[in-house]
Amino acid sequence: MRFLFKTDYEDDIRLFPHSGYIYSYGLLLAVLLIAPYVLSSYLMSQVVFVCIYATVGVGLLILTGFTGQASLGHAAFLAIGAYTAAYLQQFNVPFPVYFLAAGLLTGVVGALVGFPALRLQGIYLVIATISFAFIVEEILARWESVTHGNEGMRVKTIQLLGATVSRDGPTFYYLCLAVLVLTIVGTLNLLRSPTGRAFVAIRDSETAARSMGINVALYKVKSFAISAGITGFAGVLFAHKLSFISPEMFTLQLSIEFIIVILIGGTFSLHGAVLGAIFLVMIDPFLTYLKDDMPGVIAGVAATLGAGTERADHIQDAVAAIASANGLKGAIYGIIIVVFVLFEPLGLYGRWLKIKLFFQLFPLYKRATFKRQKIYVKSERNR
Amino acid sequence: MLDFVQQLVSGIALGCVYGLIALGFVLVYKATEVVNFAQGDLMMLGGFFAFTFIGMLGLNYWVGFAGAVICMALFGMLAERLVVRPILGYPQFSIIMATIGLGYFLRSIAGMIWGTDDFKIETPFSQGVLRIGSLVLAYDKLSVIAATIILCALLYLFFNRTTLGTAMRASSENMLAAYYMGIPVKRVVSIVWAISAAVATCAGVLLAPITFIHSNVGLVLGLKAFPAAVLGGFGSIPGAVVGGVLIGVIESMAGFYLPQGWKDVAPYIVLLAVLLLKPEGLFGLHVRKKV
C-alpha cells in the first residue's frame, strides 16, 4: 500500500492526493463520455436521472452530511427550480439565463428557509422542512396564474447556441453530466475552503464551533442557500428531462427519495451521492426485470432441480404474482432503508472503504475499525 | 353560530384523532427519544386489523376492537425489537430514517394484503345523532371525543401513579442512569412501543367511521399529527392531545371560513409559526445544553 507523507497543509487539502486518483477518475470520465454510444436509449435515460439525482444528492450532502442539518424538504427546492425554468421559458428567456436564475432564486429561498431553521434542531428541523415542502406544494397547486395549478406545465426543449437539445439525445446527457461534474468539483473546493471546514465543525459540535469563533448562524444559512441552489439547478434539468411538471411530482415521497440517495450512498463523502443515485434510479429497471424475467428464471431453476412441469408453472405464477403486486416498490424501499440503517450505516461508499481496507491490511483487518459509538445519555434533546 | 358549533365539534373530533396519534409519538419520544415516523402507519394497520376482525370475521365490535389492540401491541413490540433496538443510541437521524422505512414497508404490505380500496367499519355508534335544540351532533364524533378523554386519563394515571410508569419516566430522562438504578430499560422501551401501538390502534378504530381506512391514511394523518405534537410540546402527554384538538379545530375552521386550499396548509403554517415563536411548544420544557 501507498503511504502519503503530508508535509504541509497544501498536501492535506489537495484535490487529488496522488496520481492514482487522476488516472482512475480520468478513466471514469472517459467511460462516461462514450456511454451514449454504447448503452441503449432506455439505460441512457436512466443514466441522465442518475446524474440529476446525484446532483441533488450532492446538494443535500452539503446540508445534511456536512453541516448536519437534516432536511426532508428538498423536493420543494427541486420544484422551485423546475417551475422557475418553466415559467421563464414562456418569455423566450435563453437557457443559460433561466438556468442561472432558477439556481439563484432557489438559493435565495433556501436562505430564507435557513433563517427560521437556525433555532431548530434535529427532529424539529425535519418537521419544519416537511411543512415547508407541503406549503410549497400547495402554493404550486393554487397559484394558477403562474404555475397553471394541477394542470401542470409543459417544458419545451432546450435551445442552446442555436441548436435544439433533445431531452433524449446525447447532448442533454452531456449537459447533465457537466452540471454534475461541475457541482462535485465546486463542492469539493467548497469543502476544503474555510467555509466547508466551518460546516463540518458545526456538524460535529455546534458549541465547539461557536467557541472557535465560527458564526454558526451565518454558516447555517450559507449551507441552506448553497444546498438549495444546487437542487434548483438540478430542478431545471429535471423539468427538461420530464418535459412536463405538475405539483404532485414534488411530494414528500421525492424528498424521502433524496434522503435515501445519500443514506444508501453514505453521508460522509460525495461518492455517496453518486453511488446512492445509481442505486436508487436502477431500482426501476431492476423491478421491471423482476416482473418480466424473474418468474421464468425461478421456474426454470425449479424445473432443473427436479420439480415437475406443473409445479414449476405454479411457482412461476406465484413469483409473478408477488413481483407484480401493487406497491412492491414501496416495500422494497422500506426494506432497503431499514437494512442500510441497521447493517450498513456508512452506506455503499462505507462498504467500499471497508473492502479496500480489508485488502490493504490483509490479515490484520478488524471489524471494530468502523464501529460506531453508542450514546445512551440524552444529548440531542438538551442541545 | 350554529355552523360554528358544528364545525367546532367536528374539528375537536378530528383533532382528537390527531391527538391520539400525537400521543403515540410523544410516548415513544419520551421514553426513547425516537421519533416514530411510522406512527400513522401503525394506526392504519390497527384499523385494518379491526376491520378484519369486525368486518370480515364478523366478530362483535368490542371483541374485535380488543383483538386489534392486543395484536397491534404485540406488533409494536416486534417492530421495536427488530428495527429500533439495534440502533438505540445512534444519532437521531438514523432512527428517523429507520422508522420512515418501516412506514413504507407497512403501507405497501397493507396495500398488498387488503388492497387499495377504502374500508368502513360498522360501529355501534355509526348511526344516530344527539340533538340539543337545533344542534345536531353525530354519535361517532362524540365517541371519539369521549374515548380520547378516557385514554388520556388512563395514560396520565399510568405514568404518574404506577411503578412501571415511573420507570418509563426515569428511562426517558436518562437511559444509562435508569439502567444503573436497576430499571430493565430494554423491557421498558418494548412496553412503551406496545402502548403506543395500542393507542394508535384506538385512533385507527375510532377514525374508521369518520374517514375511511385505506393503506395511505397513516401517511396523511400521521403527518398532520406532527403539528399537533409540536404545538403541544414534543414530550408532553396532555400537550399532545391539546395540540391535536387545536390543530383539528384550526383545520376545520380554515376549511369553513377561508378559501379553498387553506384547510390543508393551515396546520403546517401553525406548525412553522409555533417553531419560530415558541419552539418548545405549549407544554414543553426548555432545556439548554450545558458544556
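Predicted model: local features only at pLDDT ≥ 70, side-chain atom pairs only at ≥ 80, totals over all residues.
Me: Take Ile21(B): what is it in contact with, leaving aside its neighbours within four places in sequence?

Reply: Ile21(B) is in contact with Gln39(B), Gly40(B) and Met43(B), then with Ala200(B), Ala203(B), Leu221(B), Gly222(B) and Ala225(B).

Me: How do I read the size of the contact between the chains, and which helix of chain A gives the most to it?

Reply: The size of an interface is often given as the accessible area lost when the parts come together. Here you can go by residues: the contact takes 44 from chain A and 44 from chain B. On the chain A side, helices H6 (122-142), H12 (252-265) and H17 (328-343) each give two or more residues. H6(A) gives the most, with twelve. By class, that side has 27 nonpolar, eight polar and nine charged residues.

Me: And chain A as a whole: why call it as compact as a globular protein of its length?

Reply: Chain A has 18 helices and four strands. Its radius of gyration is 23 Å, close to the 21 Å that the globule rule gives for 383 residues, so chain A is as compact as a globular protein of that length. Of those 383 residues, 39% count as buried.

Conventions. Residues numbered from 1 in each chain as written. Chains lettered and ligands numbered in written order. Rg over C-alpha atoms; globule rule 2.2 N^0.38 Å. Buried ≥ 20, exposed ≤ 12 C-beta atoms within 10 Å, placed from the backbone. Contact = placed C-beta atoms within 7 Å. Nonpolar A, V, L, I, M, F, W, Y, C, P; charged D, E, K, R; others polar.
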